Each structure stands twice: as structure tokens, then as C-alpha cells.
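Please consult the sequence and the structure shown below.

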Amino acid sequence: MALLSRSILALCLALSSSAFSAQSQCDVELSHGLIITDDVIRILDKGQTRVQINNNNQLFIRGYWVDLSNEESKVLEQFSHGIRHTVPELVNLATDGVNLGLSAIEHVVEGMSDKEPEVLKTQLQYVERALMDKFKRGDDFFFIAPQSLSQIDDFFTKEISQQIHSAVHGSLGAILVSLGDAFKSREGNIEDRINDMGQRMDIISKEIDKSLKKKAQQLELKASEYCECLNALDVTESRLQAIVPGMADFDLVQIKS
């Protein structure tokens, strides 16, 4: 892990220019979506591939191949490597553990009644869609949607947290109905089950907040670590746009003042 961090830092320093080395601003926005595979990088506009980089050295814009000299290809390679050394790890951090956490919540709530409350199923599906709309990974690809990287933590601590809380607490009514049915049929002690349910709900809520806060802190720290990389990537992209003016139509990395 330390070796990886050193290699990433070395890459950032290689990409950086002396005029940019003192910059500390890290309000970075990705203005287009990205799909990254082993061989191809795709820059998306409204869901369509507009820029494609094959094997780090072959460029297509709007489906047309752009002929580059050896020196120009080096700039393209720097841009491609910069994307590959930052975006996949951000996607990994954003997705790691979240889906497992959703499954754990579902399992705990299911354990309180005979069946999964429909409101829980619907809300958790919404949470999963919201997450996958911004970050997604598969066996052979990474996806990140257009967004402000400096506000990733807000996505987890506000939007995702709120939706998960709604899913859990919205299930209380259905669980109480189930407990009432159990009481009527004399299955178990209703008071013990209600007390147990309340305790579990408190634990779930606390664990949700703790987990999402930790996730937001991890992403914030990683964005800070990659600040120089992202700023340097913007510089490299500007160099590439000077070589290939058509790239300016799909400006990927934007530094906000």
C-alpha cells in the first residue's frame, strides 16, 4: 500500500508544473462521466461516448481518430495515466462496504418480523440506485458520474444517510403490524419483542451514522491526498486541449475558485 502511495505521488509530481506546485485549492469538479476499463477510457456526455482513449495512446473524438505525433502522444499518455491513478480508487472508496451495509440493515430488520417490509425494500432500492448513479464498478470497469469531488462527503452524510434512515424508520409501522399479528396468535412475548425492536432500531441508527461519517471522512481525506494529482491532471488536460482543440468541448477536470 505504501509503495502504491509513493508511486501515485511520484506520478503527481511528474505531471505537475512548477507554476502549479504551490497551489492548494482542491475544489475539483468532473464535468463529464467516465468509464474506465483495462484498455479504454471513455469520457461521456449525456450518456454517450464523446472522447475515447485506447491503450493510453490512441485518441478518438466523436468517433474520429486523431493523429498525434510521438511527443503529442506522451501528453495523452500522461492524461490517461492521471485518470487511471485517481478515479478508480475514488470509486472503490465510495462503493466499498456500502452495499454490505445495506444488506446488513435489511437482514436485521427482516429478523424482527416474518417478512421484509415493502417500504424497506423500496427505500433500499432507491439508495442503491442513487449510489450507482454516481459510482459504479464491475469486474472489468469503473464508472463515475459528473460531480463535484469536494462535495462527495455531503452525498453520503446527507442524501444517502437520510434515505437509509427513512428506510429503517419507515419500516417500523409494518414491523409493529407484524408484532400485533403475532400477539393475536399468541406467538411469543409482545412486550419483549417490542423492546428488542426499539433497541435494535437505536443500534441500527447509530451504526448508520457512524458508518456513513467514516465513509465521508475517508473520501474527504483521499480527495485531499489527490489534490495535487487532480490539479496536475487539469494542467495536463489543458496541454492536451492546446494540441487537440476538439478536446475543449469535453473539458473533464475543472478547478473551481
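Helices and strands are DSSP runs, of at least four residues (H or I) and at least two residues (E) respectively, and they are numbered from the N terminus. The model discussed here is predicted.

**Loop residues with positive phi**

Asn56 is placed in the loop that links strand S4 (48–54) to strand S5 (58–61). Its phi is near 70°, which is positive although the residue is not glycine. The loop between S5 and strand S6 (64–66) holds Arg62, another non-glycine residue with positive phi, in this case near 55°.

Is each of these residues buried, partly exposed or exposed? Buried means under 20% relative accessible area; Asn56 has 16% relative accessibility and therefore counts as buried. Arg62, at 47% relative accessibility, counts as partly exposed.

| Residue | Phi | Relative accessibility |
|---|---|---|
| Asn56 | near 70° | 16% |
| Arg62 | near 55° | 47% |

**Packing of H2 and H9**

A pair of packed helices is described by the angle between the axes and by the distance between them. For helix H2 (residues 70–84) and helix H9 (residues 227–243), the axes come within 9 Å and the crossing angle is roughly 145°. The crossing of H2 and H9 is left-handed. On the H2 side, the contact is formed by Glu72, Val75, Leu76, Gln78, Phe79, Gly82 and Ile83, while H9 contributes Leu233, Thr236, Glu237, Arg239, Leu240 and Ile243. By residue class, the contact of H2 with H9 comprises seven nonpolar, three polar and three charged residues.

Terms used. Residues are numbered from 1 along each chain as its sequence is written. This is a predicted model: local features need pLDDT of at least 70, side-chain atom pairs count only at pLDDT 80 or more; totals for chains, interfaces and linings use all residues. Side-chain values use heavy atoms; hydrogens and water are left out. Axes are lines fitted to C-alpha atoms, for helices over the stretch in contact, and angles run from 0 to 180 degrees between N-to-C directions. A crossing is left-handed if the near helix is turned anticlockwise from the far one by less than a right angle, and right-handed if clockwise. Contact means heavy atoms within 4.5 Å. Ala, Val, Leu, Ile, Met, Phe, Trp, Tyr, Cys and Pro count as nonpolar, Asp, Glu, Lys and Arg as charged, and the others, Gly among them, as polar. Buried means under 20% relative accessible area, exposed over 50%, partly exposed in between (1.4 Å probe, protein chains only).
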